[in-house]
Amino acid sequence: MNKIAIVTGGSSGIGRETARALHARGCTVYEFSRHDAQTEGVTHVQCDVSDAQQFAAAVQQVCAAEGRLDILVNNAGFGISGAAEFTDNAQAKRLLDVNLFGMVNGCKAAVPVMRAQGGGRIVNLSSVAAPCAIPFQVWYSVSKAAVSTYTAALANEVRPWGITLTAILPGDIRTGFTAAREKNIVGDDVYAGRIARSVAVMEHDEQTGMDPAVAGRYIAAVALKRSVKPEYAVGLKYKFLVLLAKLLPCRVRNYIIYLLYAK
C-alpha cells in the first residue's frame, strides 16, 4: 500500500526535493505551501502553515481523499538575521509563527488522525543551528532549538499509539533560503561591521553547501524508516559537528562559534 505523505514548504528547496524523493519511492505526496511550484507527481494544496485552522482543514482534505495519513514532514520555514538588540519583536514573532508554530499546527492536526489509524511518522525540520546557536541569527536558532525540543517531548507523549517523531538537522544547503533571508543591518556601525561579516560568511557557506536533492533524499529515507532515532544530522560533516557540540564544554563550543561567525 502506498504511503500517504504531506510535506510543508514543498514548493521549493529542501521541501520540494523531499516531496520528489518521497514520490520516487512510491508515496502519494501532497505539498502544503502558499505558492504552487507544479512539482511532477506531487499534489499542491494551498496552505499557510501559521494558520492552525487552515492547516487542520488541509490535513482533513488529504484524509478525505486518501483515507489516511502516514507521513508528515514539517519543513516550512524562513530566516531572519541581525543583532538581537535591534531585531523587532514583531519580526521575531512572525518567524516563530512559521518555523515553530507552523510545525506545532501540523503536529496537532496530524496526531489525532494517526492515533485513530494506529500509527504514523512525523518528521520535523530543525537545524544544526539548534545545538550550535548562530550569532546574528538568534531567532532562527531559537526557533530550531524549540523544534528539536518539541519533537523529543511529543515523541514520548504519543509513543503508545505507534506515532513516531524525529527531528532532522540540516547544515548549509544550497537553496533559495539564502536569498529569502530577511536581513536587518541596523546597528552594524555599533557592532563594527560584524553583522554584515557574519551574514556574509553564513551565506557563502550556504551557497557552497549541500545539494538540496541530497538532503531531500535523506529526509525521505528517514521518513520511511521502520524506526527512528530522536534526531538526525544530514551529512557526515554535520553529524560530526553535532556530536562535537554535545561533547565539548559549553564555553569551548560557544567560543568556537564566536570565532567562526561573530568575531
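Colleague: How do you know whether the radius of gyration of the protein chain agrees with that of a compact globule?

Modeller: In this predicted model, the protein chain has a radius of gyration of 18 Å. A compact globule with 263 residues would have a value near 18 Å, so the two agree. Along the principal axes, the C-alpha atoms fill a box of roughly 55 × 35 × 30 Å.

Colleague: What makes up the secondary structure of the protein chain?

Modeller: The protein chain contains 10 helices and 9 strands. One of the strands is β5, which covers residues 80-81 and includes Ile80.

Colleague: Why is Ile80 called buried?

Modeller: The term buried applies under 20% relative accessible area. Ile80 has 3% relative accessibility, and therefore counts as buried.

Colleague: Which residues does Ile80 touch, not counting those up to four places away in sequence?

Modeller: A contact requires heavy atoms within 4.5 Å. On that basis, Ile80 touches Thr87, Gln91, Ala92, Leu95, Phe136, Gln137, Trp139, Arg181 and Glu182. For Leu95, which is 15 residues from Ile80 along the chain, the C-alpha separation from Ile80 is 7.6 Å.

Colleague: Phe136 is among those partners of Ile80. Is Phe136 buried or exposed, and how do you know?

Modeller: Phe136 has 8% relative accessibility; because buried means under 20%, Phe136 counts as buried. Phe136 is located in the loop between β6 (120-125) and α5 (138-158).

Colleague: What is the phi of Phe136?

Modeller: Phi of Phe136 is about 65 degrees, a positive value, although Phe136 is not a glycine. Gln38 also has a positive phi, near 55 degrees, and is likewise a residue other than glycine.

Colleague: Where does Gln38 lie, and why is Gln38 called exposed?

Modeller: Gln38 lies in the loop between β2 (28-33) and β3 (42-46). Exposed means over 50% relative accessible area. Gln38 reaches 63%, so it is classed as exposed.

Colleague: Among contacts between residues at least 6 apart in sequence, what percentage joins residues at least 24 apart?

Modeller: The figure is 71% for the protein chain.

Conventions: Residues are numbered from 1 along each chain as its sequence is written. This is a predicted model: local features need pLDDT of at least 70, side-chain atom pairs count only at pLDDT 80 or more; totals for chains, interfaces and linings use all residues. Side-chain values use heavy atoms; hydrogens and water are left out. Helices (H or I, at least four residues) and strands (E, at least two) are DSSP runs, numbered from the N terminus. The radius of gyration is taken over C-alpha atoms; the globule rule is 2.2 Å times the number of residues to the power 0.38. Buried means under 20% relative accessible area, exposed over 50%, partly exposed in between (1.4 Å probe, protein chains only).
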